[in-house]
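Me: Please guide me through the reading of a structural model, feature by feature.

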Amino acid sequence: MPTPSSPYQAFATLLGSAGHPVSPAELHGLLLGRCCAGAGFEPGPWLADAAEILASEPADNIRQALLGLQEMAKAELGGSEVTVVLLLPDDNAPLAERAVALGQWCQGFLAGFGIVAGDRALSNDAREVLQDLAAIAQVQDALEESEDGENDYMEVMEYLRVAPLLLFSELGGQAATAEAPKPSLH
């Protein structure tokens with residue numbers, strides 16, 4: 001059973017209490033997909049895309065959580081140590097629940113990436129990453145509660161922590177650099 005204090009569970013509770021049947025994983029995937037495709041980190045467009053997936057304007061508390069999520073993504077992708085922490089159920093949750101959230105994260109990422117990137121030409125590596133994400137989104141029922149299933153889940157999760165970075169460096173990093181120019185060292 002997930003710990004009540006996990007960020008995923010807290011966000012899921014917040015969304016559920018407001019009647020939004022969207023998972024935190026899908027919203028986080030949507031956000032990172034947008035960022036990796038070059039959307040930058042302006043709050044207005046992110047909140048508009050989030051409102052669309054939520055099917056309504058978010059209440060203030062959810063709006064603040066969405067902005068906090070965006071700040072976290074900005075720090076992760078724009079920091080000196082580029083790393084991605086996925087918003088997923090913690091390791092104590094049943095594997096089936098974690099696998100479903102992994103698939104939802106991939107679906108959200110692909111949707112967010114598609115919203116921003118559109119028909120933009122991509123490198124072969126970038127197309128391969130997107131194909132992998134589409135395949136991962138479909139295998140959520142294939143993981144069995146076993147040591148092998150756990151190992152497979154961990155491998156996929158590690159891949160998902162690294163794969164978006166390729167897309168961000170190819171497309172999203174340009175927008176982040178244009179948005180926040182580096183200070184002069186004169």
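Me: What kind of model is this, and which pLDDT limits apply?

Reply: This is a predicted model, in which local features need pLDDT of at least 70 and side-chain atom pairs count only at pLDDT 80 or more, while totals for chains, interfaces and linings use all residues. Residues are numbered from 1 along each chain as its sequence is written, and side-chain values use heavy atoms, with hydrogens and water left out.

Me: How many residues does helix α2 have, and what span should they give?

Reply: Helices are DSSP runs of H or I with at least four residues, numbered from the N terminus. The expected span is 1.5 Å times one less than the number of residues. Helix α2 (residues 24-36) has 13 residues and should span 18 Å; its end C-alpha atoms are 18 Å apart, which agrees. Helix α3 (residues 43-54), with 12 residues, reaches 16 Å between its first and last C-alpha, close to the expected 16 Å.

Me: What backbone feature comes just after α2?

Reply: Glycine 38 takes a positive phi of about 110° there. Just after α3, alanine 55 likewise has a positive phi, of about 70°.

Me: How many residues of α2 are buried?

Reply: Buried means under 20% relative accessible area, exposed over 50%, and partly exposed in between, with a 1.4 Å probe and protein chains only. In α2, 12 of the 13 residues are buried, so this helix is largely enclosed by the rest of the structure. Among them are His28, Arg34, Cys35 and Cys36. In α3 the buried residues are Trp46, Leu47, Asp49, Ala50, Ala51 and Leu54.

Me: Against which helices do the buried residues of α3 pack?

Reply: Contact means heavy atoms within 4.5 Å. The buried residues of α3 pack against α1 (7-17), α2, α4 (60-78) and α5 (95-117). Alanine 50, located in α3, has a relative accessible area of 0% and is therefore buried. Not counting residues up to four places away in sequence, alanine 50 touches Leu27, Leu30 and Leu66. Alanine 50 and histidine 28 are 22 residues apart in sequence, with 9.8 Å between their C-alpha atoms.

Me: Is glutamine 70 buried or exposed?

Reply: Glutamine 70, in helix α4, counts as buried because its relative accessibility is 1%. A polar contact is a pair of N or O atoms within 3.5 Å; within protein, one must be able to donate a hydrogen and the other to accept it, and residues adjacent in sequence count only if both atoms are side-chain atoms. A polar atom of the glutamine 70 side chain lies 3.2 Å from the backbone oxygen of phenylalanine 41. Leaving aside neighbours within four places in sequence, the contacts of glutamine 70 include Leu31, Pro43 and Trp46.

Me: Which residues have the most contacts inside the largest nonpolar core?

Reply: A nonpolar core is a set of buried Ala, Val, Leu, Ile, Met, Phe, Trp, Tyr and Cys residues joined through side-chain atoms within 4.5 Å. The largest one has 49 residues, and those with the most contacts inside it are Leu27, Leu66, Leu88, Trp105, Phe109 and Phe113. Helices α1, α2, α3, α4, α5, α6 (124-138) and α7 (147-179) each supply at least two of its residues. The largest share, eight residues, comes from α5.

Me: How many disulfides are there?

Reply: A disulfide is a covalent bond between the sulfur atoms of two cysteines. The criterion is a pair of cysteine sulfur atoms within 2.5 Å, and the count comes to zero. The sulfur of cysteine 35 is 6.8 Å from the closest cysteine sulfur, that of cysteine 36, which is too far for a bond.
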